[in-house]
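Here's a quick briefing to read alongside the model. Take a look at the sequence and the 3D view, then work through the notes below.

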Amino acid sequence: TQIMSRGLPKQKPIEGVKQVIVVASGKGGVGKSTTAVNLALALAANDSSKAIGLLDVDVYGPSVPKMMNLKGNPELSQSNLMRPLLNYGIACMSMGFLVEESEPVVWRGLMVMSAIEKLLRQVDWGQLDYLVVDMPPGTGDVQLSVSQNIPITGAVIVSTPQDIALMDAHKGAEMFRRVHVPGLALSPRLEYSGTITELTSASTSQAQAILPLQLPEWLGPQVLGLVQNMSVFQCPKCKHKTHIFGADGARKLAQTLGLEVLGDIPLHLNIREASDTGQPIVFSQPESDEAKAYLRIAVEV
Ligand code: ADP
């Protein structure tokens, strides 16, 4: 398909929403949702006057219901819009509220698109200062559709040092040069057609780790930077710190690309337990070092 930047449909803001921050990753399991959830809570914690929403468009594997300890059917407003569910002061909407938990989401493309349309346009957010959007991993129709439909203030890319360490810096640089990433400033907007295939045919798992960076709408000023998740492991007993996947991989890659590293999140049992029990760390242990790592990132955003 020929999706050229010039032919993009017009983006329309989500009613009542001032800023949209998307949280993306090249692949699953790197902590994207954990980051999105804690970032939303951190934005609220850093400035209590701000109204924050969290939109989970990871339609194939929604995590927000579990992480935010929410379930149920959104009520409809008078104008037939869905009301977000509220917990820990965050207004949340997720595909997980609209389908049964046990129901596997094996959807056709069209159904996915209509679900996305619903999540983007049929929610009554009221007034929000920030809407944090948890994207599906990788690149695909959902990411493209979101970035084409709504104006995105900034994208936060979550990666692990392992993925980044896998990337040969030169190969990475060459790849980005070929897909015209502005960090290597060849073209302010990449022409979409062909480049994905080009990249896939060069295909390396390394490339997948940072694939969202190719999406034209997320580039340039819109990429706020990288979050290096699971960067360091601290032994709960002896407090010794180990860089399991090597230190500073993200920093080097970011430098190569002219991107900022927004922060490092340690690999920590508390983060996992907090997420998995629906008590995100920024809410449940705001004084912990782990929570502070997210709070610092929220300041950068
Ligand atoms: P993704 O959204 O990228 O698929 P998740 O946010 O769902 O990833 O995280 C995958 C798993 O890793 C979850 O069980 C989560 O609790 C855990 N996790 C994420 N970040 C950390 C971290 N920094 N330390 C410990 N566990 C983490």
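Methionine 230 sits in strand S7, where helices (H or I, at least four residues) and strands (E, at least two) are DSSP runs numbered from the N terminus. Methionine 230 isn't a glycine, yet its phi is positive, at about 60°. Most residues other than glycine have a negative phi. Methionine 230 also counts as buried, because 21 other C-beta atoms lie within 10 Å; the cut-offs are 20 or more other C-beta atoms within 10 Å for buried, 12 or fewer for exposed, and partly exposed in between, with C-beta atoms placed from the backbone.

Before going further, note that this is a predicted model: local features need pLDDT of at least 70, side-chain atom pairs count only at pLDDT 80 or more, and totals for chains, interfaces and linings use all residues. Residues are numbered from 1 along each chain as its sequence is written.

**Another positive phi**
- Tyrosine 88 isn't a glycine either, and its phi is positive, near 50°.
- You'll find tyrosine 88 in the loop between strand S3 (85-87) and strand S4 (90-94).
- Tyrosine 88 has 21 C-beta neighbours inside 10 Å, so it counts as buried.

**Around the ligand**
- The ligand is surrounded by 19 residues, and the closest are Gly31, Lys32, Ser33, Thr34 and Arg272; a residue is near a molecule or strand if its C-beta atom, placed from the backbone, lies within 6 Å of it.
- Two or more shell residues come from each of helix H1 (32-46), strand S7 (223-234), strand S9 (261-267) and helix H10 (269-276).
- H10 gives the most to this shell, with 4 residues.
- By type, the shell has 6 nonpolar, 10 polar and 3 charged residues; here Ala, Val, Leu, Ile, Met, Phe, Trp, Tyr, Cys and Pro count as nonpolar, Asp, Glu, Lys and Arg as charged, and the others, Gly among them, as polar.

**H1 against H12**
- H1 packs with helix H12 (residues 289-300) at an angle of about 75°, their axes 8 Å apart; axes are lines fitted to C-alpha atoms, for helices over the stretch in contact, and angles run from 0 to 180 degrees between N-to-C directions.
- That makes H1 and H12 roughly perpendicular to each other, a label for angles of 65 to 115 degrees (under 35 is roughly parallel, over 145 roughly antiparallel and the rest oblique).
- On the H1 side, Asn38, Leu39, Ala42, Leu43, Ala45 and Asn46 meet Tyr294, Leu295, Ile297, Ala298 and Val299 of H12.
- This contact has 9 nonpolar residues, 2 polar ones and no charged ones.

**H3 against H4**
- Helix H3 (residues 109-121) and helix H4 (residues 141-149) pack at about 35°, with axes 10 Å apart.
- From H3, Gly109, Val112, Met113, Ile116 and Leu120 meet Asp141, Val142, Ser145, Val146 and Asn149 in H4.
- The residues of this contact are 6 nonpolar, 3 polar and 1 charged.

**Glutamine 279**
- Glutamine 279 is in the loop between H10 and helix H11 (281-284).
- With 16 C-beta neighbours inside 10 Å, glutamine 279 counts as partly exposed.
- Leaving aside residues up to four places away in sequence, glutamine 279 touches Asn69, Ala274 and Ser284; two residues are in contact if their C-beta atoms, placed from the backbone, lie within 7 Å.

**The whole protein**
- The protein has 12 helices and 9 strands.
- Of its 301 residues, 46% are buried.
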